[in-house]
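Subject: A structure for you to explore

Hi,

Here is the structure I promised to pass on. Please open it beside this email and follow along as you read.

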Amino acid sequence: MERGEEKMSNIIETPEQAKQDATYYQALRELLLQLADDDLLISFRGSEWLGLAPHIEEDVAYSSITQNTMGHAVMYYNLLEELGEGRADILAHDRQPDERRNGCYLEKRNGEGMYLEEPYYDWALAVVRNYFYETCKKIKLEAIANSSYQPLAHVARKVLMEHPYHLAHWKLWMKQLQSSTDEAKKRMQTRIDEAWVEFADVLELGNLATDMRKHRLVTISEEEIKDKWLDEVKTILVDLPEGPVGKKYGSGRNGEHTDDLKQALDILAEVYNSDKAAAW
Amino acid sequence: MYNYVEDGDSKTTAYVEHDQEKYDAFMARIEAGEKIEADDWMPADYRQALIKLISMHGISEIMGALPEKEWVPKAPTLRRKLGIMAKVQDEMGHGQLLLRVAEDLMKPFGKTRENLMEDLLNGDLKFHNVFHMPTKTWADAGMVGWLVDGAAIMSQTNMLDASYGPYQRALQRICQEEVFHAQHGESIIMALAEGNEYQRSILQESLNRWWPALLMFFGPASAETTGSSKQDIMIKYKIRKSTNEELRQAFLSKYLPRVFSLGLTIPDETIHYDEKEEKWIYKQPDWAEFKQIIRNKGPKSKERLRLREIAYENNRWVRQALAQEPVNV
């Protein structure tokens with residue numbers, strides 16, 4: 001990381017320093033919520049898959065990734081807690097859907113059915129979603145590893161140590177399933193095409209994107225994230241969908257969500273909601 | 001977690017040992033504390049007993065993930081979410097480890113993991129009685145970790161010196177992890193025990209519900225209870241040391257004081273320690289019900305098997321895709 005004299009003034013070491021500039025603080029808060037909520041939701045959907053993966057080795061691997069990802073969410077929620085945004089558990093369990101900042105595609109149900117009953121989950125969706133997400137996550141993390149907010153940069157560097165294994169895992173599945181049976185190819189393409197019109201808000205940084213860039217919270221623009229992501233997935237996708245990546249259900253970054261988020265939150269917070277004052 | 005379920009009605013292959021010399025050498029080795037490896041000669045009934053034990057153990061780990069998994073997405077705090085995710089992942093890992101051991105033993109019969117899954121789905125391969133039970137509240141997630149895994153540690157520790165090397169080594173690792181699981185469960189239980197009235201009530205209710213299943217965990221005391229028992233052959237071949245009843249007594253001695261110190265009660269007013277006989281006197285669970293449970297007629301047997309069946313059918317296309325020529329990656 002560059003630590004030239006000019007840059008030094010941009011380095012923010014503590015929550016107290018971050019609070020001194022209102023626009024800095026708002027952009028930081030927004031970014032942390034996005035990062036935390038993204039990881040929380042994809043990890044939640046992953047946890048529903050537990051015990052249902054295509055084979056036992058995959059169950060072990062996927063649940064390990066899911067657990068790591070939940071750990072990442074926890075680190076971001078903790079940063080928010082340190083900023084005085086409330087307890088991490090409340091942030092994770094007790095915010096309304098319109099306060100949630102995750103990309104809509106990440107809240108999407110795993111397939112038909114419920115995890116407890118008749119779970120006709122679609123492995124093609126799991127693979128495409130995780131591959132697209134982890135590819136995006138890598139680009140963002142690398143840009144955040146040099147963030148002006150030091151506690152966040154520190155977390156990003158830690159997450160980056162685990163991340164290559166996650167990405168490699170899903171990349172391998174993408175390659176295998178896209179070059180296999182006709183059925184596998186077809187199922188994968190259906191989910192790729194579907195993701196193509198839904199994934200855009202995951203790549204975005206929301207209304208405060210300009211402030212995030214200006215304050216060097218992230219060292220990359222939204223456009224650059226999209227371009228890098230596209231360059232990367234082009235190397236893996238056998239049949240690239242036409243047209244730009246869309247956000248069919250609006251932008252989760254602005255609190256726009258589908259009913260699937262509500263369904264996820266109801267389960268995720270079921271026990272928590274049974275007694276919010278209790279220590280669990 | 002795990003245990004070897006005594007299936008009273010299972011057919012045992014009639015076996016006559018022809019090669020007395022090899023047999024004597026084998027027995028001398030295990031008597032001397034040596035470990036038998038996958039490629040070594042072994043009596044057919046030893047191999048059969050191991051296949052049955054280890055495949056059931058492995059499949060129970062995998063089926064055992066399902067009741068706890070019900071609470072993984074619902075865990076009430078971030079810390080609990082991380083804890084239970086790690087815990088259930090370990091259990092799947094144990095399942096994988098054990099099925100690999102079973103696969104090696106089954107090789108001479110041309111049987112594979114695919115066969116085990118099919119045996120499970122068609123009811124030929126049993127899974128442990130505790131995993132047929134419902135988990136109704138978050139307290140059950142704690143109870144499974146605390147007392148079910150606590151019981152599992154007892155019965156697995158009993159085999160830590162098992163004569164079959166690959167199994168014995170797998171158990172070393174499994175037992176180490178199970179200790180963390182029991183602590184994880186205990187931590188959930190402690191929070192509930194120290195919690196409000198509602199939390200304490202779901203805790204007591206959970207213990208009441210699990211109690212008969214926990215007694216059944218170790219299997220019947222003798223063959224007379226359920227018709228037959230594999231305890232003798234397991235002890236003869238130095239796969240395990242203690243009997244079912246010895247394990248159950250050790251479990252009661254370890255956990256009842258803890259149960260009582262948390263202010264919980266046992267749904268058995270007759271239970272007490274007899275100083276003269278030096279053992280716990282308790283009301284026998286319904287062993288007829290036990291037999292029904294392990295024949296997949298327990299409260300949740302059908303639902304849990306249905307989940308596995310759906311996963312199996314639903315992912316058929318993935319298995320077929322993987323069976324194709326590997327790609328260069």
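Helices (H or I, at least four residues) and strands (E, at least two) are DSSP runs, numbered from the N terminus. By that count, chain B has 13 helices and 2 strands.

Before going on, please note that this is a predicted model, in which local features need pLDDT of at least 70, side-chain atom pairs count only at pLDDT 80 or more, and totals for chains, interfaces and linings use all residues. Residues are numbered from 1 along each chain as its sequence is written, while chains are lettered from A and ligands numbered from 1 in the order in which they are written.

**Chain B as a whole**

The C-alpha trace of chain B spans about 65 × 60 × 35 Å along its principal axes. Its radius of gyration (taken over C-alpha atoms; the globule rule is 2.2 Å times the number of residues to the power 0.38) is 20 Å, which agrees with the value near 20 Å for a compact globule of 329 residues. Of those 329 residues, 46% count as buried; buried takes 20 or more other C-beta atoms within 10 Å of a residue's own, exposed 12 or fewer, and partly exposed lies in between, with C-beta atoms placed from the backbone.

Is B:His272 buried or exposed? B:His272 counts as exposed, because it has 11 C-beta neighbours inside 10 Å. You will find B:His272 in strand E1 (residues 272-274) of chain B.

**Where the chains meet**

Two residues are in contact if their C-beta atoms, placed from the backbone, lie within 7 Å. On that basis, 44 residues of chain B are in contact with 48 residues of chain A. The largest share of chain B's side, 13 residues, comes from H3(B).

**Two spots in chain A**

Look at strand E1 (residues 111-114) and strand E2 (residues 117-121) of chain A, which run antiparallel and are joined by 3 bridges. Strands pair if DSSP finds at least two bridges between them. E1(A) and E2(A) form a hairpin with 2 residues between them, and A:Gly111 stands opposite A:Tyr121 in E2(A).

Then try helix H7 (residues 123-144) and helix H9 (residues 182-196) of chain A, whose axes come within 9 Å and cross at roughly 45 degrees. Axes here are lines fitted to C-alpha atoms, for helices over the stretch in contact, and angles run from 0 to 180 degrees between N-to-C directions. Among the residues making this contact are A:Phe132 of H7(A) and A:Arg191 of H9(A).

Enjoy exploring!
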